Every structure is written in C-alpha cells, then in structure tokens.
Amino acid sequence: MPDTKLFSTITQPDNGTRLAGQVIRQGGLVAFPTETVYGLGANGLDPDAVMRIFEAKGRPQDNPLILHVARKSDVKQLWRRVPDTARALMDEFWPGPLTLVCARSGAVPDEVTAGLDTVAVRMSDNKTALAFIRAAGVPIAAPSANTSGKPSPTCAQHVIDDLWGKVDVILDGGQCRIGMESTVLLLAKRPVILRPGAVTREQIESRIGAVEVAPSVLSPLAEGERAASPGMKYRHYAPDAQVIVASGTPSAAAGIIRREYDRAENDGRRCIILASRETQPFYRGRKCDIIGSSANMEEMCANLFSALRRYSGSADVIFAESVSTDELGLAYMNRLLRASGFTILNR
Ligand code: TXA
Ligand code: MG
C-alpha cells in the first residue's frame with residue numbers, strides 16, 4: 001500500500017511537482033488538479049503503470065483513458081495524423097476543457113485505449129497540471145480521481161476520501177474552476193460529442209461546422225447497444241442516495257418535487273432539494289441547498305458534484321430540477337441524468 005504524500009500547490013503551482021514527476025517515471029500514481037476535475041495520473045506509455053490506475057479506481061478495463069499533454073506538439077507522437085479539424089480546435093480551445101479523440105499511433109499502449117484504434121488527448125490549462133506533466137516528461141494517462149461510479153472529485157478532500165493509501169502523491173490545487181469533466185469529441189468523418197463539457201457544442205460548431213451529439217449523452221443505452229464511448233455504459237456520478245430529477249417549467253418541476261418530497265418525508269426518508277436561487281422560494285419549509293443561479297450555468301455546473309457528494313449517505317433522496325440543454329445545460333443534464341440513473345418525473 002503506498003504511503004500517500006500530500007502537497008499544496010495553491011500558492012505555489014509547482015510545489016511537489018518534481019517529486020510527482022519522479023514518481024510517474026518510476027511507475028507510480030499521482031492525483032493532480034485540473035480546471036475540470038482532479039485526475040488520477042500514471043505514465044501513459046507504461047502499460048504496468050496504467051494498469052495500476054484501473055486497480056486504484058476499481059475501473060472496468062474496457063473503459064479507455066485520456067492522455068494529458070503539456071504541449072500541443074505532443075499530439076504528433078500519439079495520433080497517426082493530426083486532422084485539420086483537430087488543429088483548428090486546438091488553436092481555439094487548448095489549453096482548456098476539450099478532449100479530442102483521433103486515430104492512435106503505435107506509441108500508445110492498448111491498456112490506455114482499451115484496445116480501440118483511437119486515443120483521447122487533452123491539454124489542461126491548470127498551472128499545477130502543466131508543471132506536473134512537464135516534470136514527468138511523458139504523457140499522463142488520467143481518468144477522474146474518484147472511485148469508479150462516484151461523482152468526480154472537484155477538490156483534494158474528495159480525492160483523499162476516495163484514494164488515500166492507494167496513490168503515491170496527491171497535489172492539492174484547491175477547488176477546480178469548472179467542476180465538471182472535459183468535453184470529449186470524436187473526430188470521425190462527422191465529429192461526435194461523446195461527452196458534453198464546458199466547451200459547448202455551439203462553440204465547437206462555430207469553429208468546425210456541424211457536430212453530432214451521441215444519443216447516450218441524454219438517454220440510457222438500449223439493451224445490447226454498442227457505446228461510441230465505453231464510459232457511457234456504466235452507472236456514473238452516483239452518490240449513496242436516490243437522485244430524482246423533475247422536468248417541466250420551473251414551477252411545474254417544483255410542484256412535482258414538493259409532492260414527492262412530502263411523500264418521502266412521510267415515509268421517514270431524509271430529503272434534500274438542490275435548488276437555484278430563483279427556485280428556492282418554491283420550497284418553503286423544506287430542506288434546500290442552493291447550488292447556484294439558474295441564469296449562471298457555470299456556477300450550477302461547478303457545484304453539482306460537490307453537492308452530490310455532500311448528501312451521499314446523509315440523505316436518502318436528492319431532488320433536482322432539469323434545465324434547458326442549450327450550451328452548458330447539456331453537460332449539466334448529462335451528469336444529472338446519469339447520477340439519477342435516468343429517474344425523471346414529468347408529472
Ligand atoms: O476533464 C476530464 O476529462 C478529466 C480530467 C482528469 O482530465 N478526465 C476524465 O477522465 O474525465 P475519465 O476517464 O473519467 O473520462 C474519460 C471519458 C470516458 O467516458 C471514456 O470512455 C472516454 O472519455 N474515452 C476515452 N478514450 C476514448 C476513446 N478512444 N474513444 C471514445 N471514448 C473515449
Ligand atoms: Mg470519470
């Protein structure tokens with residue numbers, strides 16, 4: 001069992017990153033902050049090190065990993081060729097919360113791609129992430145640094161809760177700015193968003209034209225259906241509580257939540273409502289947690305995972321309202337629907 005070392009990089013972004021880089025070159029595991037969520041990193045070119053990630057998270061091995069680079073030019077060693085669409089998107093959105101999936105080169109181990117012929121690559125804009133990846137000198141394979149199935153970690157305490165004693169180093173960079181994982185875009189003939197994130201469909205389309213959104217983004221996979229992104233198969237972001245989503249206009253959704261809340265409470269179940277500042281007045285006398293303003297989806301996204309973790313185990317039922325799936329709303333609803341196991345009430 002590794003003896004986990006914790007470094008704070010909040011005031012000094014490269015504190016601990018030299019040691020972390022060494023740990024990576026020796027085949028160890030490092031949890032590190034990014035602008036989206038914390039990552040659980042290993043040497044992306046070392047199959048044994050990559051296998052340790054799957055063990056530490058309890059992650060199914062057919063779910064491929066993202067390679068994190070510190071320079072745009074590093075993609076040349078990882079992709080068979082760099083498509084023009086990728087170049088255009090890297091110019092516009094890297095470093096930043098956009099992961100690009102292209103045909104892989106021979107340098108990428110099967111353990112990273114779970115045997116697929118493509119590989120996902122991203123360049124974070126977080127200073128600690130960049131200093132750490134530079135110190136390691138290799139691409140860092142990293143999924144989100146949570147136990148598989150749980151909400152992704154948006155601060156170091158979440159990583160400590162899930163992975164203490166299972167990783168060699170944790171770099172604590174404070175709260176993640178975005179709080180939701182990167183957009184994953186497959187650059188096939190017709191580009192497809194496999195997972196929505198802070199770089200929105202609208203932003204991508206303004207740069208490269210029409211893109212599709214994979215059906216699995218907002219609906220469960222049908223029995224026997226093949227996932228374009230294997231990650232979409234699994235229950236995700238699930239707290240230790242039932243999550244119920246109410247849809248409809250704000251007042252209709254609130255009406256559904258009030259009714260179900262009162263029923264559940266009568267049955268002796270502990271309830272919490274994830275509300276916005278605008279909808280909180282609908283819930284007088286009931287327990288609410290305001291996760292942001294519905295006019296500010298950045299704020300709602302940044303707080304969703306920590307709210308799900310906060311009530312994991314301390315509530316039996318978590319109620320939340322659906323939002324429009326435009327812009328950032330698509331990422332928010334993708335995470336919320338998955339956390340609920342697609343439990344949506346519309347009346
Ligand atoms: O923001 C993020 O992307 C964070 C931080 C740490 O960078 N990472 C992250 O990794 O969310 P992970 O492993 O939790 O999610 C990666 C997603 C999964 O849904 C996986 O199936 C998909 O990307 N993916 C990875 N490689 C793929 C590939 N070659 N083809 C299709 N999907 C892929
Ligand atoms: Mg994840």
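Modeller: Strands here are DSSP runs of E, at least two residues long; helices are runs of H or I, at least four long; both are numbered from the N terminus. This is a predicted model: local features need pLDDT of at least 70, side-chain atom pairs count only at pLDDT 80 or more, and totals for chains, interfaces and linings use all residues. Residues are numbered from 1 along each chain as its sequence is written, chains are lettered from A and ligands numbered from 1 in the order written, and side-chain values use heavy atoms, without hydrogens and water.

Biologist: Which strand gives the most to the shell around ligand 1?

Modeller: A residue is near a molecule if one of its heavy atoms lies within 4 Å. β6 gives the most, with 4 residues. β4 (66-68), β6 (118-122) and β10 (192-195) each supply at least two. The shell has 28 residues, and T36, N63, H68, S182 and R195 come nearest.

Biologist: Which side chains have N or O atoms by an oxygen atom of ligand 1?

Modeller: Look for polar contacts, pairs of N or O atoms within 3.5 Å. T36 has a side-chain N or O atom 2.6 Å from a ligand oxygen. For R59 that distance is 2.9 Å. A polar side-chain atom of S144 lies 3.1 Å from a ligand oxygen. Alone, ligand 1 exposes 680 Å², and the protein buries 97% of that. Such areas come from the Shrake-Rupley method with a 1.4 Å probe.

Biologist: How many residues of helix α11 are buried?

Modeller: Buried means under 20% relative accessible area, counting protein chains only as cover. In α11 (residues 329-339), 11 of 11 residues are buried. Among them are L330, Y332 and R335. After α11 comes G341, with a positive phi near 60°.

Biologist: Which residues touch the most other members of the largest nonpolar core?

Modeller: In soluble globular proteins, nonpolar side chains tend to be buried together. A nonpolar core joins buried Ala, Val, Leu, Ile, Met, Phe, Trp, Tyr and Cys residues through side-chain atoms within 4.5 Å. The largest here has 60 residues; W79, W94, L98, L100, F132, I140 and L185 touch the most other members. A second, separate core of 27 residues includes I178, Y311, M333 and L337.

Biologist: Is P196 buried or exposed?

Modeller: P196 is buried, with a relative accessible area of 4%. P196 sits in the loop between β10 and α8 (201-208). Contact means heavy atoms within 4.5 Å. Beyond four places in sequence, P196 touches residues including S182, V217, L330 and R335. P196 and S182 are 14 residues apart in sequence, yet 7.3 Å apart in space, C-alpha to C-alpha.

Key:
Polar contact = N/O pair within 3.5 Å; in protein donor to acceptor, adjacent residues only side chain to side chain. Buried < 20%, exposed > 50% of the residue type's maximum accessible area, 1.4 Å probe, protein only.
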